[in-house]
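Please work through each task before reading its solution.

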Amino acid sequence: MNVTIEENRSHPRLPDLLGAYHLVNQAEKGNAVTAVAELPAVYRGEAEDPAAVFTADTVLLATPAGDALPAGCVVLKAPREGRAPEIKRLWVAPEARRRGIAKALMAEALRRAAASGAAAVRLTVWNWREEPLALYRSLGFETVASWDERPDLLCLEKTLAKGRDTARARTAGPTGPDRVERLTPDEVRAHASAGLAALLVDAVDGGASVGFLAPLAVREAAAWWSRVADEAAEGVRDVWAAHGPDGDLTGVVTLVRGTTANGRHRGEIARLLVHRSARGRGLGYRLLATAEAHAAATGLTLLVLDTQTDSPAERLYRGAGWTAAGTIPDYAADPAGVPRATTLYYKRLG
């Protein structure tokens, strides 16, 4: 059957799907409750506000041809602490089952995991869930040593041998809704006064602490990107941008290389920006993963960054396996001029 897959952690149908998943799961475990409000807090949070809980993750929904609303969902968790990404919350509404929806969701989740550069994907399943287990086996998942010691829970993993090659191909061409590519210095200059400036202004208008106070004039934003173009020409900074289906820039990230004699092994992630209209579909993680992969491929062994404490960006970095090194109070002012705490992060490569 024809199934439309979309990435959208903010879809109004998603809370219902996740709520149904957790209610059935609790009943199967012998802890039945009758309403989402009675679920354990961690599961209740997913059902009530999935956009907040899955900030760093890829949430896919499937809508059968002819239907108005999604009938199934799955979550591809971002890799944490060097572990493989994990598939969670695969659910298809009972009335829509046996139509290939679960298989379509899994296929897309696996494709995206491979495109991100992951070498493997893992998941857990209760040993009494025969149909899902059969599906996972048919897709090449194999039982591995347990990382979760709960009785009756099986841990499965699938190797994605060509994941990194797929990731490089994806960042080089228009294979998804947002095409990510590295910009040359001339391309940075060409986009400085329009797309790149618009991304920076949008970030500041949205309250992001990225080095500027509100209101940020387009002219000032463009001048900053022109200086970035000079740094790119000098080989100090690399720039990647995401292009939407209409060609407009939807996101950007830069990698600043250490220039001191004792710091050439490290780099800094700076100005990871996703336009507010393009959020909720994993673009921030894709941009970050692209910069990380390039840093590793070009010999860097350590990355650092700083971000406003308790910001949405901080949740993304934690979800992508970054480690908090410490927090400095009142380190930088937010766009309104109010001093805020900043948390420093690092990530080892290779």
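**Exercise 1.** Does Arg98 count as buried or exposed?

*Solution.* The structure is a predicted model, in which local features need pLDDT of at least 70, side-chain atom pairs count only at pLDDT 80 or more, and totals for chains, interfaces and linings use all residues. Residues are numbered from 1 along each chain as its sequence is written, and side-chain values use heavy atoms, with hydrogens and water left out.

Step 1: the cut-offs are under 20% relative accessible area for buried, over 50% for exposed and in between for partly exposed, with a 1.4 Å probe and protein chains only. Step 2: Arg98 has a relative accessibility of 74%, so Arg98 counts as exposed. Step 3: Arg98 is placed in the loop between β4 and α4 (101-115); helices (H or I, at least four residues) and strands (E, at least two) are DSSP runs numbered from the N terminus. Step 4: although Arg98 is not a glycine, its phi is positive, at about 65°.

**Exercise 2.** Classify the ring pair of Phe212 and Trp224 and follow the ring pairs onward.

*Solution.* Step 1: a pair of aromatic rings is described by the distance of the centres and the angle of the planes. Step 2: rings of Phe, Tyr and Trp (its six-membered ring) pair if their centres lie within 6.5 Å; planes under 30 degrees apart count as stacked, over 60 as edge-to-face and the rest as tilted. This rule gives 7 aromatic pairs. Step 3: the centres of Phe212 and Trp224 are 6.3 Å apart and the planes stand at 85°, so this pair is edge-to-face. Step 4: the pair links distant parts of the chain, with Phe212 in the loop between α7 (185-205) and α8 (218-234) and Trp224 in helix α8, 12 residues apart. Step 5: Phe212 is buried at 8% relative accessibility, and Trp224 is buried at 12%. Step 6: Trp224 also pairs edge-to-face with Trp225, at 4.8 Å centre to centre and 85° between the planes. Trp225 is buried as well.

**Exercise 3.** How are helices α1 and α2 oriented, and which residues make their contact?

*Solution.* Step 1: axes are lines fitted to C-alpha atoms, for helices over the stretch in contact, and angles run from 0 to 180 degrees between N-to-C directions. Step 2: the axes of α1 (residues 14-28) and α2 (residues 41-48) come within 7 Å and cross at roughly 155°. Step 3: α1 is therefore roughly antiparallel to α2, given that angles under 35 degrees count as roughly parallel, over 145 as roughly antiparallel, 65 to 115 as roughly perpendicular and the rest as oblique. Step 4: the contact (heavy atoms within 4.5 Å) involves Pro15, Leu18, Gly19, His22 and Gln26 of α1 together with Tyr43, Glu46 and Ala47 of α2.
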